[in-house]
Amino acid sequence: SKFSHLTTLAMDLKLDNELAVEYVKAVVRPAEVIHDFRQSAKNDKSNEHSPASAVFHDVLSDDSGKPKAFVIPNLLSAGECDELIMAAEQFGLDPPDKRAATLRTAKRTSQYVNADLSEKVRARVQDIMTFKFRCSPNKDRKNDDGREITEDDNMGPFRGIHNNWRILRYDIDSGDAFPAHQDQMDSLQERHPDGTKDFVVSSHTLLINLSQDSLEGGATRFYPRGKVRGTTLGQYDYAVDVMLPRGWALVFPQRGLLHAGQPLFKTSPCSKYVAQAGVLRLLPQGCLCKPSVFRLGPGLIGF
């Protein structure tokens, strides 16, 4: 196999579970759809210095055809990627605790707060996020406090990027990967001088590729037809891979969307680094939000 991790993954999974066996086979199978933006970015030099707010690319749609995941070019420069990698390495990138309910083997920061990075990214993605999470002009979507809400699960407009960043490193020699899962929601309260407060929650994950473009393997893989609580075979039959140039970002929903950090190829000349944080939205008063909690994909239960 061109992957270095499959023996480790197979040992970590209870392979008497047919869905787990199906998943291991899915990991080595080429995705049905592959979005590799690295070559197109090399060929098109016109946007290499464009602000992130200039353009985005939809890469995944729901059953109705509505876009649900998208790519933002040129969010960070190569120098900013290097600085963030150095800061994360100095802060500490550790493997998961053995007691954690995860099959992730990639190393990650814990409680790494970077408000300056969040503000920098917020300013650069403001226009795109405002457009993406705009209110529908065709419906009366106002809450009982008069605030407009979007059609996206009764969520409000874009508010910012959460300050808690998770920086991950995938190494080849240890066969690092992050098997299929749904992400956990971030939340916070904003208090105002008059004593009122707003509830702000994340609906999407922002994932920035910090790796060199020479990276081999390590795609972010979606299983859009799989169900987080699925029990029947076929949950991993259809996959969509996304590969990004350095400094580009991927934005996707947290609740209900199975995705994985694919392992690197044995021939990859470098490790994979990514930075992720929650995309914050205002939760209008009177609206209920079912939280997204971290959950492994169907059949992925470790010993």
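Predicted model: local features only at pLDDT ≥ 70, side-chain atom pairs only at ≥ 80, totals over all residues.
Two strands count as paired here if DSSP finds at least two bridges between them.

**Around β7**

Strands β4 (residues 107-108) and β7 meet that rule with two bridges, in the antiparallel sense. Within that pairing, K107 sits opposite R169 of β7. Strand β5 (residues 112-113) also pairs with β7 in the antiparallel sense, again over two bridges, and here Y112 is found opposite W165. Then there's β15 (residues 272-283), which runs antiparallel to β7 and is joined to it by five bridges. One spot to look at is Y170, whose bridge partner in β15 is K272.

How many of the residues of β7 are buried? Seven of the seven in residues 164-170 are, so the strand is mostly covered. In a regular strand the side chains alternate between the two faces of the sheet. Here N164, R166, L168 and Y170 point one way, while W165, I167 and R169 point the other way, and all of them are buried.

**The open sheet**

Elsewhere, six strands make an open sheet with mixed pairing, in the order β1-β12-β11-β14-β8-β16. Its edge strands are β1 (33-36) and β16 (295-296), each of which pairs on one side only. Strand β1 runs parallel to β12, and four bridges join the two; I34, for instance, has D241 as its bridge partner in β12. Helix α2 lies across β8 (178-182), β11 and β14 (258-261), and runs at about 135 degrees to β11.

**Rings**

The ring-pair count comes to nine. A pair of aromatic rings is described by the distance of the centres and the angle of the planes. Here are two of the pairs:

| Pair | Centre to centre | Angle between planes | Type |
|---|---|---|---|
| Y23 and Y223 | 6.0 Å | 65 degrees | edge-to-face |
| F37 and W248 | 5.8 Å | 40 degrees | tilted |

Y23 belongs to helix α2 (residues 18-28) and Y223 to strand β11, so their pair ties together parts that are 200 residues apart in sequence. Both Y23 and Y223 are buried. As for the other pair, F37 is in helix α3 (residues 37-43) and W248 is in the loop between β12 and β13 (249-253), so parts 211 residues apart in sequence are tied together. F37 and W248 are both buried too.

Two charged side chains sit over rings as well. K132 lies over the face of F70, at 4.8 Å from the ring centre, and R225 lies over the face of Y238, at 3.8 Å from the ring centre.

Why does Y236 count as buried? Because its relative accessibility is 0%, and the cut-off for buried is under 20%.

Leaving aside neighbours within four places in sequence, the contacts of Y236 include L19, E22, Y23, A26 and R29, along with A180, Y223, G297, P298 and L300. Y236 also comes within 9.5 Å of V24, C-alpha to C-alpha, although the two are 212 residues apart in sequence.

Technical notes:
Residues numbered from 1 in each chain as written. Heavy atoms only, no water. Buried < 20%, exposed > 50% of the residue type's maximum accessible area, 1.4 Å probe, protein only. Contact = heavy atoms within 4.5 Å. Phe/Tyr/Trp six-rings, centres within 6.5 Å; stacked < 30°, edge-to-face > 60°. Lys NZ or Arg CZ within 6 Å of the ring centre and 35° of its normal. Axes fitted to C-alpha atoms, helices over the stretch in contact; angles between N-to-C directions.
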